[in-house]
Amino acid sequence: MNRYICIHGHFYQPPRENPWLEEVEMQDSAYPYHDWNERITAECYAPNAASRILDSEKRIVDIVNNYAKISFNFGPTLLSWMQVHAPRTYQAIIDADRESQKRFSGHGCAIAQVYNHMIMPLAGSRDKRTQVIWGIADFEHRFERKPEGMWVPETAVDLETLDIMAEHGIKFTILAPHQAKRVKKIDEKNWKNVTGGRIDPKVPYLCRLPSGRIINIFFYDGPISHDIAFGGLLSNGEAFARRLLGAFSQEVQDRQPQLVHIATDGESYGHHHRFGDMTLAYCLYYIESNKLAEITIYGEYLEKHPPVHEVEIIENTSWSCAHGIERWRSNCGCNAGHPGWSQEWRHVLREAMDWLRESLKQIYEKEMSQFVKDPWQARNDYIQVILDRSSQNVERFFSNHAGKLSKEEKAVVLRLLEMQRHAMLMYTSCGWFFDENSGIETQQVMQYAARAIQLARNLSSVDLEPYYLRILERAASNIQEFKNGAKVYEMLVKPAIIDLLGVGVHYAVFSLFEECPQTFKIYCYTVRGDACDMSVAGKQRLATGMARLVSDITWEESAISFAVLHLGDHNVIGGVHEHGTDEDFVNINQKIKDAFMKSDVPEVISLMDKYFGTHNYSLRHLFRDEQRKILDQILRSAIEDTENSLRQIYGYYYPVMNFMNDVHVPLPGILTSIAGFIQNTDIRQLLESEDFDPGRLQKLIEEVKRWHVDLDKGTICLAAGRKINSLMEELSRSPADASLLETARITLEILGALSLKLNLWEAQNIYFSIGKQLYNDMLDRAEKGEPDSKRWVEHFNGLGYHLGVRIK
């Protein structure tokens, strides 16, 4: 068969980490998930690792790893997040690449990506080189092999970028059809103009580069790719398959090989289009099971069918801007759909970042030359430290690049390298892609710039911020509140800036509410408490102490002393500073404690002001996740008091409410609301309880029906889904336990009365895995008359009915 199909997914999320904490903080807009990375993982990345194939009755008959059958790339910054926060999905992606090598003649389905989604034609030569080197190194670290292909962000391309990729062993990349200029057969002289997307996408092309090197290019099928993203093609798996098959040339038929291939954002398969992963899975299943074409990936196809055509590209073009690469440097007209808004701010932001990059470059070269032989080679190799920040590995890096350095000098080198890392992160493409410079994506790249500016100031005493802001003043915002880019920076970026003292503030305030161990991790910092003393007087608490703070990233250190007073509720007053002698602190600490034990709050505050000066802090200075945690803790008692009061009212009036219900008299709205609150709370608490009783759940649901109250379906869905997953996790540890099967089955049966849209994805995965391992054996035993096996099979089949899974 000479008909081949390849589907490529570009899986990427913009970096969302707080540059000072190296973690993604809570994002309320992603509710019920912690942040958008977590939400999109649940909607897309995880489902594609275990995608469902349904039968005619909409029952799951197979679960497959889509990644093992498609070509894909994942952004390195996304994979680094996933490795920590979604390890199962991360491992499934790595495993898919290994599995695909058996399927595709030794070629893996994963390809590399330029490191942090920088628009490469707009980057300087050094940054291009580092981006390619870092992208390859990250890929090799995770997939344990060399990449054959590399994705360039937004398919934005120029010859220099391709040349650097080829220099580092990259064999191919993927571009949009309108990025091709002209083609010819390799052994012929006459070129054919193919501008306007007229290139034949069904064959690979060889591209000759200025250095004499070559790289192969695949130009994806534009119309099909467009309809996947925007044309509703992911609504039906068979229709998707037929659309792909319809792209083969009937004139050529099997006389020569044809490759129909598409490329889209991977998020199309689940996040942008719900159940898109299942459409993809069925499409591949339909093609393979009916032997309509051979599923392949680029590396395998290239080995079997090397290019016979040569291509010249149109430089400075991309797949997401009709004007080349102007979307990332001018008001070209490409936008996300806000009529009347201007994107003139884009070129000003680019100007500000370019000025900052050059200024940082001068500081870097001057300062770094004092410590290492080749500053830019050190930056290229710094990816090895980013991938493994253990002290042994960092010391290995120092031994390769520098002579003997003191502890303080090592911290300087690490700060210089971090300055350069953020100088590249600030060019992440999403900062320019959307319509408004106060958007979260533009805030994010400004935060990277702010971190680089802060490091430069600490290292060289040169403050780049004033001139940077002067440039941003010309970047007009479309929202009156923000006025311009400088105002956006002042209002939305600057409040996020912290230093080691800021970490100390967090530790000090947090110590009021949580017992802090002697060694305590706060994101990418380690705190060692030298002394921490807690005094309590009624609702008031006083925490005092000393601590040593260390950055795990830059090895900077600082010692602090602190005193924090909690007056009740959200009222917190704190003082923190880099302390002098221990004797000074011991003296003032005793005075503050004595005043506190006498309930002399004004004196406590006076002493704190005297010792700590103007460095006063409150709950506002906690990092976002911990701030939310502490506020929940503060409100817990108030919520419990309110709940107890409502329960008393509910109990007192229950007989009257019961009588009114029997004689069909509508309840007053306030009593209906109280009944709804109590019943929602009881159901949620039962589902969250370890002492779960399905019989109790049945009675609570009967009460809901009795009083006709509105369920908080969002909250109940979450709690119910977690309970089912918990039961299934327990079952996975004891898969032969028929009692656990019965509990899970009955629970789902009871919950069915509420018509909830439960997320059963994890539960279905576990059920399917158990079924593949045990079902046939248990069925054989049941048919031989074993009573325990009969009971197991009965409950297993019943559970499968409620989960919508059929084991063949």
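This is a predicted model: local features need pLDDT of at least 70, side-chain atom pairs count only at pLDDT 80 or more; totals for chains, interfaces and linings use all residues.
Reader: Which residues do ring pairs link into a cluster?
Author: The cluster consists of Phe 11, Tyr 45, Tyr 67, Phe 72 and Phe 74.

Reader: And how many aromatic pairs does the structure hold?
Author: There are 38 aromatic pairs in the structure. One of them joins Phe 433 and Phe 434 edge-to-face, with 5.0 Å from centre to centre and 70° between the planes. Tyr 611 and Phe 612 also form an edge-to-face pair, at 4.8 Å centre to centre and 85° between the planes.

Reader: Is Phe 433 buried or exposed?
Author: Phe 433 counts as buried because its relative accessibility is 18%, under the 20% limit. Phe 434, with a relative accessible area of 33%, is partly exposed.

Reader: Which charged residue lies over the face of Phe 433?
Author: That is Arg 327, at 3.6 Å from the ring centre. Elsewhere, the charged end of Lys 184 sits over the ring of Trp 191, 5.4 Å from its centre.

Reader: Turning to cysteines, how many disulfides are there?
Author: The count is zero.

Reader: What about Cys 44?
Author: Cys 44 is in no disulfide either, and the nearest cysteine sulfur, in Cys 109, is 15 Å away. Cys 44 is buried, with 0% relative accessibility.

Reader: Now the sheets: in what order do the six strands of the open sheet run?
Author: The order is β7-β11-β10-β14-β8-β9, with mixed pairing. The edge strands, each pairing on one side only, are β7 (172–175) and β9 (192–193).

Reader: How do β10 and β11 pair?
Author: Strands β10 (residues 205–208) and β11 (residues 214–219) run antiparallel and are joined by four bridges. Tyr 205 stands opposite Ile 217 in β11.

Reader: Which helix lies across β7, β10, β11 and β14?
Author: It is helix α5 (residues 159–167), which runs at about 115° to β11.

Reader: And what do β2 and β3 form?
Author: They form a hairpin with five residues between the strands, and Lys 58 in the turn has a positive phi of about 65°. Four bridges join the two antiparallel strands, and Ile 53 has Asp 62 in β3 as its bridge partner.

Definitions and conventions. Residues are numbered from 1 along each chain as its sequence is written. Side-chain values use heavy atoms; hydrogens and water are left out. Two strands pair if DSSP finds at least two bridges between them. Contact means heavy atoms within 4.5 Å. Axes are lines fitted to C-alpha atoms, for helices over the stretch in contact, and angles run from 0 to 180 degrees between N-to-C directions. A disulfide is a pair of cysteine sulfur atoms within 2.5 Å. Buried means under 20% relative accessible area, exposed over 50%, partly exposed in between (1.4 Å probe, protein chains only). Rings of Phe, Tyr and Trp (its six-membered ring) pair if their centres lie within 6.5 Å; planes under 30 degrees apart count as stacked, over 60 as edge-to-face and the rest as tilted. A charge sits over a ring if NZ of Lys or CZ of Arg is within 6 Å of the ring centre and within 35 degrees of the ring normal.
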